[in-house]
Amino acid sequence: MIDWTAIRTGWIARRNGVFANPRFQYWAARLPLIRWIARSRADAAFNLLAGFAYSQVLRACVEGGLFDILKDGPVSAAEVAARMELTEDAALTLLRAARPLMLSEEAGPDRWMLGEQGAVFAANAGVQAMIRHHRLLYADLADPVALLRRDRCEPTGLSRFWTYAGALHGAGTRGTQTSEYSQLMAASQHFVADEVLASVSFRPVKRLLDVGGGHGAFLEAIGTAWPHLELGLFDLPEVVETGRDVLGEAVGAARVTGHPGNFFKDTIPRGYDMVSLIRILHDHDDEPAQALLSNIRTSLAPGARLLIAEPMAQIRGAEPMGEAFFGLYLWAMGSGRPRSPAQIIAMAKKAGFASARSVATAQPVNASVIIARA
Ligand SMILES: C[S@@+](CC[C@H](N)C(=O)[O-])C[C@H]1O[C@@H](n2cnc3c(N)ncnc32)[C@H](O)[C@@H]1O
């Protein structure tokens with residue numbers, strides 16, 4: 001039998017030897033047919049090593065209020081400097097740094113406006129909330145090797161923020177500070193809800209239960225688009241308490257049932273023909289995630305469905321988002337890991353679901369979707 005792994009490892013080793021050779025790099029950058037490949041590889045390598053600086057430019061734009069200033073543009077560097085309380089030199093440094101990242105644009109001499117990406121960020125409070133939140137991840141990643149060596153045994157900034165995650169990995173008992181993460185999740189929920197609404201029809205669903213539904217932002221989006229739905233919200237007691245009111249105010253209290261509980265310990269309420277798990281599974285390690293799926297499966301009548309939506313791993317064209325970004329984020333958080341659709345489908349089947357399939361979404365960086373049928 002052909003040993004494909006041996007062939008592949010041999011080929012990769014030879015290829016890497018060639019790529020690492022300075023003479024190859026020199027000639028590749030000059031040969032007419034391949035120099036554009038060499039150049040784009042070199043650009044990608046540089047972007048990789050400089051990415052943290054780009055992220056900090058973005059953060060300065062958000063935290064310093066530059067997007068808000070440019071929104072009303074065009075403005076001069078002197079106006080930016082005055083409003084950001086910077087010297088003009090510092091303001092220009094930021095404006096110029098933001099320009100190649102398409103965050104700012106100089107429409108004419110000293111006439112600064114939002115760039116194409118800047119316009120997107122400026123219009124989106126949810127993304128800005130995420131960018132602000134990433135200061136915790138940035139601090140946790142300051143010494144990445146030390147973070148990996150600690151093997152999730154010590155509290156981190158992120159494990160303290162996600163109080164339920166910290167409790168799983170030695171950060172003391174589960175905290176009750178849930179409102180900050182619930183608000184962050186609500187602010188960024190529309191990315192996920194939009195993908196789900198565009199790819200799944202809720203016409204045949206009568207009663208939808210969102211497990212780990214936070215302050216109800218997902219149910220609000222789906223319930224507004226599909227007004228016939230009865231909505232159930234399951235989350236930790238302190239979260240549901242607020243979520244039920246917020247959601248009831250948005251869609252009508254008569255449509256909403258709150259279910260306080262712990263999805264690892266308590267049974268999942270019955271009588272729903274669809275259960276959703278939005279940005280939940282990746283928060284948990286394999287054993288608890290599998291137990292959660294089994295717990296949900298037990299609650300469902302045959303034919304009822306489970307909808308899973310979250311950013312997933314190994315999505316073609318969005319690979320770094322899955323295992324590089326969420327891989328490290330969740331490691332730092334102290335719980336969970338990103339999974340590929342194939343891994344989640346296998347887990348759903350192991351939990352007793354009769355079938356499970358991926359549903360294509362337009363923007364997998366926001367969320368991929370899986371539907372499993374009991
Ligand atoms: C990452 S947030 C996702 C919230 C929401 N689904 C969304 O996408 O915006 C995880 C949610 O799971 C809830 N959660 C965590 N552990 C839980 C547990 N053991 N039982 C019930 N809910 C839990 C948290 O309170 C939080 O609302």
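This is a predicted model: local features need pLDDT of at least 70, side-chain atom pairs count only at pLDDT 80 or more; totals for chains, interfaces and linings use all residues.
If you are setting up a box in your head, the C-alpha atoms fill roughly 70 × 65 × 45 Å along the principal axes.

On secondary structure, the chain has 17 helices and nine strands. Of its 374 residues, 37% count as buried.

UniProt, in an unreviewed entry, puts a feature called "domain: O-methyltransferase dimerisation" at residues 47-105. Over residues 47-105 the chain is 71% helix and 3% strand, with 20 Å between the end C-alpha atoms.

Next comes helix 8, residues 125-140. Its 16 residues reach 24 Å from the first C-alpha to the last, close to the expected 22 Å. Where is the kink in helix 8 centred? On His133, and the kink is about 30°.

Let's move on to the ligand. There are 21 residues around the ligand, and those that come nearest are Tyr164, Met185, Gly212, Gly214 and Arg279. Which helix gives the most to the shell around the ligand? That would be helix 12, with four residues. Helix 12 spans 179-199, and both helix 12 and helix 13, which covers 217-225, supply at least two shell residues each.

I'll finish with His282, which UniProt lists under "active site", again in an unreviewed entry. His282 sits in a loop, with strand 6 (274-278) on one side and helix 15 (286-299) on the other. So is His282 buried or exposed? It counts as buried, because it has 24 C-beta neighbours inside 10 Å, and the cut-off for buried is 20 or more.

Who are the contacts of His282? Setting aside neighbours within four places in sequence, His282 is in contact with Glu310, Phe326 and Leu330, and also with the run of Gly336, Arg337, Pro338 and Arg339.

That's my tour, and I'm happy to go back to any part of it.

Terms used
Residues are numbered from 1 along each chain as its sequence is written. UniProt positions are given in the numbering used here, feature names are shortened, and annotations may be inferred rather than shown by experiment. The expected span of a helix is 1.5 Å times one less than its number of residues. The bend at a residue is the angle between axes fitted to the seven residues ending there and the seven starting there. A residue is buried if 20 or more other C-beta atoms lie within 10 Å of its own, exposed if 12 or fewer, and partly exposed in between; C-beta atoms are placed from the backbone. A residue is near a molecule or strand if its C-beta atom, placed from the backbone, lies within 6 Å of it. Two residues are in contact if their C-beta atoms, placed from the backbone, lie within 7 Å.
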